[in-house]
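Please walk through this protein with me, one part at a time. Keep the model open as you read.

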Amino acid sequence: MESKQTINCTVTSCKYNNRQEQQCSLKQIIVTPIENCDTKQPDESMCSSYRNRN
């Protein structure tokens, strides 16, 4: 089954960020929890696929 889901991203320092379309160019990303963070807000996770553009 082919998905049509996209990953939008505005982290311009990430090498996988397509700045023009504000999308992640990876086919999949890894999202991991942040240890000892129980805020019940988006800051409980982060993109582990992030790589610095430089």
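## A walk through the fold

Asn 52 has a relative accessible area of 40%, so this residue counts as partly exposed. The model is a predicted one. Asn 52 sits in the segment after S4. Set aside its neighbours within four places in sequence, and Asn 52 is in contact with Ser 13 and Lys 15. Ile 7 is 45 residues from Asn 52 along the chain. The C-alpha atoms of Asn 52 and Ile 7 are separated by 18 Å.

Now cross to Lys 15. Lys 15 lies in the segment before strand S1, which covers 17–18. Its relative accessibility is 44%, so Lys 15 is partly exposed. Beyond the neighbours within four places in sequence, Lys 15 is in contact with Arg 51, Asn 52 and Arg 53. Glu 35 is 20 residues from Lys 15 in sequence. In space, the two are 25 Å apart, C-alpha to C-alpha.

Next comes strand S1 itself. Asn 17 is placed in this strand. Is Asn 17 buried or exposed? Its relative accessible area is 5%, so Asn 17 is buried; the cut-off for buried is under 20%. Asn 17 touches Cys 9, Thr 10, Val 11, Thr 12, Gln 23 and Arg 53, with residues up to four places away in sequence not counted. Asp 38 is 21 residues from Asn 17 along the chain. Their C-alpha atoms are separated by 28 Å.

Step back to the whole chain. The protein has zero helices and four strands. From the N terminus on, its elements run β-β-β-β. The radius of gyration is 13 Å, well over the 10 Å that the globule rule gives for 54 residues, so the protein is more spread out than a compact globule. Along its principal axes, the C-alpha trace spans about 35 × 35 × 15 Å. Buried residues make up 9% of the 54 residues. The protein exposes about 5000 Å². Carbon and sulfur atoms supply 47% of that area. Take the contacts between residues at least 6 apart in sequence: 27% of these join residues at least 24 apart.

Leave out residues up to four places away in sequence, and Cys 24 touches Ile 7, Cys 9, Tyr 16 and Ile 29. Thr 12 is twelve residues from Cys 24 in sequence, and the pair is 10 Å apart in space, C-alpha to C-alpha.

How is empty space found in a model? Rolling a probe the size of a water molecule over the atoms shows where empty space is left. Here, the largest pocket holds about 170 Å³ of space. How many residues line the largest pocket? The lining has 13 residues. Those nearest the centre are Ile 7, Cys 9, Cys 24, Ile 29 and Cys 47. By class, the lining has eleven nonpolar, two polar and no charged residues.

Go on to the loop between S3 and S4. Strand S3 covers 31–33, and Asn 36 is placed in the loop that joins S3 to S4. Asn 36 is not a glycine, yet its phi is positive, about 55°. At 83% relative accessibility, Asn 36 is exposed. Lys 40 is also placed in the loop between S3 and S4. Phi of Lys 40 is near 60°, a positive value in a residue other than glycine. Lys 40 has a relative accessible area of 64%, so this residue is exposed; exposed means over 50%.

The last stop is Ser 49. This residue lies in the segment after strand S4, which covers 45–47. Ser 49 has a relative accessible area of 11%, so it is buried. Which residues is Ser 49 in contact with, leaving aside its neighbours within four places in sequence? They are Tyr 16, Leu 26, Gln 28, Ile 29 and Ile 30.

Key: Residues are numbered from 1 along each chain as its sequence is written. This is a predicted model: local features need pLDDT of at least 70, side-chain atom pairs count only at pLDDT 80 or more; totals for chains, interfaces and linings use all residues. Side-chain values use heavy atoms; hydrogens and water are left out. On a 1 Å grid over the protein atoms alone, a cavity is a set of points where a 1.4 Å probe fits but cannot get out, and a pocket is an open set with protein on both sides within 12 Å along at least five of seven lines; lining residues have an atom within 4 Å of a point. Grid points are joined across faces, edges and corners, and a volume is the space filled by probe spheres set on the points. Ala, Val, Leu, Ile, Met, Phe, Trp, Tyr, Cys and Pro count as nonpolar, Asp, Glu, Lys and Arg as charged, and the others, Gly among them, as polar. Helices (H or I, at least four residues) and strands (E, at least two) are DSSP runs, numbered from the N terminus. The radius of gyration is taken over C-alpha atoms; the globule rule is 2.2 Å times the number of residues to the power 0.38. Buried means under 20% relative accessible area, exposed over 50%, partly exposed in between (1.4 Å probe, protein chains only). Contact means heavy atoms within 4.5 Å. Accessible areas come from the Shrake-Rupley method with a 1.4 Å probe; for residues, only the protein chains shown count as cover.
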